[in-house]
Amino acid sequence: MAQIFRPYADSVARVVMIAILVLPFAIVGIAYGVMWSPYITGQHLTLEQPVPFSHEHHAGQLGLDCRYCHTSVEKAAFASVPPTHTCMTCHSQLFTNAELLAPVRKSFAEHMPIKWTRVNRLPAYVYFDHSIHIAKGVGCSTCHGRVDRMPLVQQASPLTMAWCLACHRDPAPHLRPREEIFNMSWSPPGDQEQKGSDLVERYHIRIDHLSDCSVCHR
Amino acid sequence: MSASNEVPAKAERWLQPPGRSYEAINELVSAPLLKRKKWSWKFWWIAFMASLALTALMLVCISWLFTKGVGLWGVNTTNVWGFAIANYVWWIGIGNAGTLISAMLLLMRQRWRASINRFAEAMTLFAAGIAGLFPILHLGRPLYFYWLVPYPNTMALWPQWRSALIWDFWAILSYILFSILFWYSGLIPDLACVRDRAKTPGARFWFGVFALGWRGSARHWQIYHVYHTTMACLGVPLVISLHSVVGLDFAASLMPGWSETIYPPYFVVGAMYSGFTMVIALAAAVRWGFSLQALITVDHFDVMAKILLAASIIMSISYMTEWFGAWYSGEHEERSLVAYEFRGHYRALYYAMLFCNCFLPQIFWFRAARRNIALVVVVGLVINIGMWLERINIVWITLSHGYAVSMWRVFHPTYWDYLLMFSSLGLFALLYLLLCRLAPIVSMHETRRLLSQEAQQ
Amino acid sequence: MTKLLLAEFTRPEAMLAAARNVDQSGCRLADAFTPFPIEEMAELLDAASTSLRVYMFIGGLIFAVGAYATESLSAVYLYPFDSGGRPLYSWATFVMFPFAIGIFGAALIGFIVTMVKTGLPRLHHPLFSFEPLERATQDRFILALEPPHATSLEARARAWLIEAGAIDVTEAET
Amino acid sequence: MSFAPDRRDALKLLAMGATAALGACGPPEEEIVPYVEMPEGLTPGVPMQFTTALPLSGYARGALVTSYEGRPTRIEGNPRHPASLGACDIFAQAEIMTLYNPDRAKAVLNEGNLSSWEDFEKALLSQMQIERGRRGSKLTILTGRVTSPTMVRQIQALLKSFPGAQWRRYEPIHDDAEISGATMAFGRPLLPIPRLDQAAVVVSLDADPLGPGPYQLAYAYAFAQKRLARKGVIQFGRLYAVESCLSLTGANSDERLALPPHLIRGFIVDIANRLGAKLPQEALGDDASRFAAAVVEDLKANPGHGVFLVGRGQPAETHALCHWINRALKAPVDYFPPVDPVASTHVDSLRGLVEDIDNGRVESLFIIGCNPAYAAPGELAVDDAIAKVPFSAYHGLYDDETAARCKWRLPLSHTLESWSDLRALDGAVSVVQPLIRPLYDTRTAHQLLALMGGMLSASSYQLVRETLQARAPRDFETHWRQWLHDGIIQGSANAPLAPPNVTLPHMDPLQAPRGPSLTFAPDPSIWDGSYANNAWLQECPKPTTKEVWGNSIHISPSDAAANDLEEGDIVTLRRGEHSLEAPVNIVQGQAAGVLGATLGYGRRRAGAIGEGLGFDAYKLMPIGTPWAAHNVALSRTGARSTILRTQRSFHLAPERREIYPTVTLQGFTEGNIDISERRGLPTLLPEWEYDSYKWAMSIDNTLCIGCNACLVACRSENNVPVVGPIEVSMGREMHWLRVDVYYRDEPTPLGFQPVPCMHCEKAPCEPVCPVEASVHDSEGLNVQVYNRCIGTRFCQSNCPYKVRRFNFFGYATDDVYANLHAQSFDAQFNPDVTVRSRGVMEKCTYCLQRISRARRTAEKENRRIAEGEIVTACQAACPTRAIIFGDLSNADGKVSQLRNEPQHYEMLGHLGTRPRTTYLAAIENPNPALREKEE
């Protein structure tokens, strides 16, 4: 009787058997990594916009308040993207012939809206409300990052459910006084832990309620 | 075969290989795998093509189901469960018998199991796999079935562990994986035997790979034997827990007719009952198809028929316990449900079930009936139909006649329901037929051992 | 390289008888190759006791405890839900998953330990080169013996084996 | 995962100011489409509410319309309006579905070919030139009932400039007999409106004040005021119903008698005689005279608080006699001058038109907003007559049967797209204001009438303002704003007239019909057929039979047995040369010898939803007695069909009465309340702490009249999809809230019971869900997380109340019945509620979006949500206020108080589910005199 297999077959067989054991766990691990990656979350991706609007210039250098354009952010669920009219309040005077602004002038003249590409995108079954977050001391930069330093705006946070929940379960480290909401350069003070829990108290934040499914889904 | 190989025959009982030699067993079992040319495969091909067609049909059913949604079936707002759940319970019942035979009979030192346990285990594997398919097909969004698994995810969510469906999912998954290990570890020495008998390099290679280099060392046999018997010990509680959990899918609810403590044991017996009938049918088929009359004898059918008889009596007692329990509970909903079983929309199915499961098997009180293989097979199949009826009755009757009177509705199956049910039999047959050509269908090392033990008697 | 004598028997009884009295041949019992397990043979080889069940028990326990911990941790701490007013921690409903997965764990660990202890998979093994072993998986009962070093003694041993019922005695090396 | 179209799609649509289609399956990147210029006062995503009024048979019901970015999504009642009082009936709510209906007439058609308003204007001008030449002698305008002061003004102006012209008006559900009866009794047409809130004894003779109709909401509210039994407060009347077919009023009565129409006349004569009328006595059975005696007894015991009502099916003299009785009883009835400006009866008006056409007296015919080619007695053959007119123009919402017979088909603007004005039954005027720009190239009736008068570019807005100028000559703008804000012009309702003198009518002896009678009634779901193409209403179960997607011949069990008929058997009904085939439905409470049919089905041109359903009962409608055809021949065809129902079991075995217990008023006052309830059972489970709000609902079975307003409200608020007849036949439906009706072995049903989700504290559905899609929140809501649901359906199988609904198919988005695959329907979705995809379970959420909105508002203001701040959609629509929602943690809240009432019970409470939705058992007030004799 001759040998059917060469000696190295033993090693191959052992590797295969170990692989059968390890592979399922490896696949889950890799999938988990992929789910957190910008490829899925869209975090830090720069999207092409019809007009290369620079938040860095408008909010950072010119110091326009967020609410100048995002008018309903304190009142409604939607922060709202400004109507073309808002752009034209200045740009009917400034850079009136700039090539970059042609789509804005076209929109205004033809009364057709500019179609921006959405940057911060939540699924349709998530009901996010800007106004309540602002009322409870969550600042713009907490989720949107330093928009005043973004030439083209990017999604600063992963916007996954786990990310939302992290703050909903323990908001104190992320809260700031209402006066600081629109302050892009706010950073947590040394005693944020204490200040944060004071704010939880002051703003009547019911943490036990915040991880209810019904808070965001309906 | 040299005459010196003969084993002296004394108390012949379960095996009658020609010349009572080990080689005869080897030849009987391995010939279909190695000497294909000598074997007539006509019936195999007919059966294979038929089951292939049915499997194709099943794929069509599943594709269309995924395209259109579970609305294709007869499920409605009240009867949200239907054929899929009944099929699932039925298949999982069949899927339990193999392990019961292998494990429980092994522990009870029922030697006759040696010649039937291998294909019973294979039956288990395939049936459990098909059973596991049905709850997934039945989901509204089958794509997300993996949410039953606790895996790290960006939603920070976990399964809901109180649900009987979670228990079920894990019981089935554990059971399938366990059965694969059990079946495969039992197969290793036989694969080695086939490897060593094989002449062609291809056969030697593939059987060699899967035999893992088994060489029959006594040291290995010792470890192997311990492993195998321990697996048998573990298999019994696993299989009982599995079908108890299936019973709990219903019993852990509060619906009349479901919320009963008898459900888990009653389901286990029901599983054994329907599973044994399937084993009988397969035994007859294998015996005939591969001319294994020497290894699977009339005595086997006799003893299995006795088991059916015992099971039918337990089932009858279970039914009566249900009726009694309903009356004794004093709950009018429970009583009304029993009345509905006998007088409601599904009464014909209920009577048919009682006939199949309780009355017909009483024929096995007669020895002549038990030793008539054709009769045992036919009665077995009827019982199996009866067991399917039992499952559909369990699902339909309670859902159709629950607490909310205004929502009482009757289930009307669509042809998609029937097609999927029948085509799943095709997949089962296909897997089985493939197995017959790829792996030894009877455990050679265990029959050899039995032969040796019989010789010593 | 160890030299082995392979003594082929057709009946397990004959092989066992020879194995019991192997001292008379002057050989040392190295192993046996049989088509089905023969418990006494293991005793003769001093391989009767094995810790496999201990491993399986521990493996099963680890799986079960892991499952139970996953349940309790996720249901009580990681994301507690009010599910139908049931308590967050409810052992009665938490036992089914660990039970099933524990048994599977035991089976899996058992398989792995079996593989490790037997050294399988061993697709290439020196003994596979020797003709008689081919029938050890079919119908022959083979004793593997370490023969005495002296050639004369080896011949005597061979004779003794034939006398004990071996139909053939061949040499093999591992 | 796709829940498309989502709220942003909807936003996009509307921000562009158009409902034109956008690519639904777009690229993975989403767009944000802002306004070019932001409309004043608008915050994106924040709904606004506007008042308007919606007509039913011409009469206004006030409405509050919710609008998102200029897109109306939801209609609720205007609390200031006398005909809605804050509630909203099914027809008004379903107008949303009509507005966005893709089958609406969208363009001008000439002889079936695409044309334009400009072409029509040209043709019209030359035709009017001809008419002007003959002083309009061959010009006829046909309308439905017109109450709009502007339209009346315009038509009268036209009639002035064309003195020979005719104005015909025909409303299919008309009140000819009522008007004639009033004229007979008082010498002039008067409109009686009973004050049900002041009536201790109400006797309804074939009348259906609680049934569908333009004043249903007001009647139901008033009725509810006399149905109140609380600890310490009992205001409870007794309602008698004598009728042929089971109506909602009959279903809610305390004592009911089923009689064929001619015996009802005999019955009222008997009553009148007992009150001293001395009319020739008519034949009446023993049961009926005993009933009459009991009624009279009761009336005499409540002087000045008894009122008689007679339905439209009874002849004029019965109405006259009813007026006589009411005067004799000093009944609480107000008499109003009729709002309808046309004096002649509807049938005469239409018959006159047909005669005119046949005699060649009509060459120019304008039909505005009515469909006589379908909705008129078959004998009149109106459709053939219309086709004979040389110049005919049809101005309507749909390309319907009448449109098909006219030369010009002109698309009419929907009320929600129009400026107009309307009057309610009592004359109160509302301004109709548009909620959205016309979706298609449509015009209002005002614009058409102006066009006929030669005004080419009239604006409805200006016309309405001109009309109403007279009501506030000074400071008009302020008033105008006030009117728009209020939805009603305060003080515009007619003052009730002093009780007029009444004459006892002469009652000719009536001959009893030999064969069965066929009675006609408006359909409870689609009214006269004008709502036939409305899927919400087609799938709205008819209150007493739970039929959907069709109608049937109702037959009494005894007649069915006599004719060997089973439910679903198709019969032929023949009257003269007209016949129809229809399935029969055996209905308890139907008078023997009477077959009942509802109108509105068998539409030949209605649109994709409405065609091919049911049978057209108008075909057999006689001209003389339009509401009953006597001596109808009935024969079996041998064919069968299935009657589609959403409820199939109507009988509660005695031991199952715990689902719907009843208490007699006597028992209630004596404290003898046995509703055999088992609740508060011990549990092994620990108590769960709810430390904030505890939402709960209380439903008073006594007050529920079964009108389905809540059911349609829920559908509209929560984006609940329509599933269509095939799915219903499979036993599937999506109503989150169902209204159950149960019967007992008497002609009266036990009653109605709205069943939303119970929000059980120990919810059986939750622990069985493997993925936490069904869980509780910290306020005790049983929430369903659609995006987590994988569709095991374990929750529904374990729900004892069976209130969960499963998307077996993609009903909301892929299914043809929900949206006809038309993009325009997407605009109807409430953007605050997820549109559910295929394969997920859904159910009542207690209008979670409203709770969430209130919670966010309150939290922003650092306060608790106030009592009554959250009103669920079903609660808002309910005309009798049977549904109360609130916070249980507030011990003084309404819900908490109702839980302490003695008749309070938990449905199936013995299962230990601890439902948050609980009930108040139905209280009945039977007449002991009638009950004693039975026993």
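This is a predicted model: local features need pLDDT of at least 70, side-chain atom pairs count only at pLDDT 80 or more; totals for chains, interfaces and linings use all residues.
Side chains of opposite charge can pair when their charged atoms come close. Over all chains, 84 salt bridges were counted.

In chain A, a salt bridge links the side chains of A:Glu74 and A:Arg67, with an N to O distance of 3.3 Å. A:Glu74 has a relative accessible area of 38% and is thus classed as partly exposed. A:Arg67, at 31%, is likewise partly exposed.

In chain B, the closest N and O atoms of B:Arg370 and B:Asp302 are 2.7 Å apart, and the two residues form a salt bridge. B:Arg370 belongs to helix α12 (residues 367-370) of chain B and B:Asp302 to helix α9 (residues 298-329) of chain B, so the pair ties together parts that are 68 residues apart in sequence. Both B:Arg370 and B:Asp302 are buried.

In chain D, D:Arg575 and D:Glu379 form a salt bridge in which the closest N and O atoms lie 2.1 Å apart. D:Arg575 is located in strand β24 (residues 569-575) of chain D, whereas D:Glu379 is located in the loop between β17 (364-368) and α13 (382-387) of chain D; the pair therefore ties together parts that are 196 residues apart in sequence. D:Arg575 has a relative accessible area of 18% and counts as buried, because the cut-off for this class is under 20%. Elsewhere, salt bridges with shared partners join residues of chains A and D into one network, made up of A:Lys136, A:Arg206, D:Glu779, D:Arg855 and D:Glu859.

The interface of chain C and chain A was examined next. Contact involves 19 residues of chain C and 17 residues of chain A. The size of an interface is often given as the accessible area lost when the parts come together. Between chain C and chain A the buried area is about 1500 Å², and carbon and sulfur atoms give 59% of this area. Of the area that chain C buries against chain A, 43% is supplied by C:Tyr79, C:Leu123 and C:His124, more than by any other three residues.

On the side of chain C that touches chain A, helix α5 (residues 96-118) of chain C contributes the largest share, 4 residues. By residue class, this side of chain C consists of 12 nonpolar, 4 polar and 3 charged residues.

Strand β20(D) is joined by 4 bridges to strand β21 (residues 429-432) of chain D, and the two strands run antiparallel. Within this pairing, D:Asp421 stands opposite D:Val431 of β21(D). The hairpin has 5 residues between the strands, and D:Gly427 adopts a positive phi near 95°.

Methods:
Residues are numbered from 1 along each chain as its sequence is written. Chains are lettered from A and ligands numbered from 1 in the order in which they are written. Side-chain values use heavy atoms; hydrogens and water are left out. A salt bridge is a side-chain nitrogen of Lys or Arg within 4 Å of a carboxyl oxygen of Asp or Glu. Buried means under 20% relative accessible area, exposed over 50%, partly exposed in between (1.4 Å probe, protein chains only). Contact means heavy atoms within 4.5 Å. Buried area is the accessible area (1.4 Å probe) that two parts lose on being put together, summed over both. Ala, Val, Leu, Ile, Met, Phe, Trp, Tyr, Cys and Pro count as nonpolar, Asp, Glu, Lys and Arg as charged, and the others, Gly among them, as polar. Two strands pair if DSSP finds at least two bridges between them.
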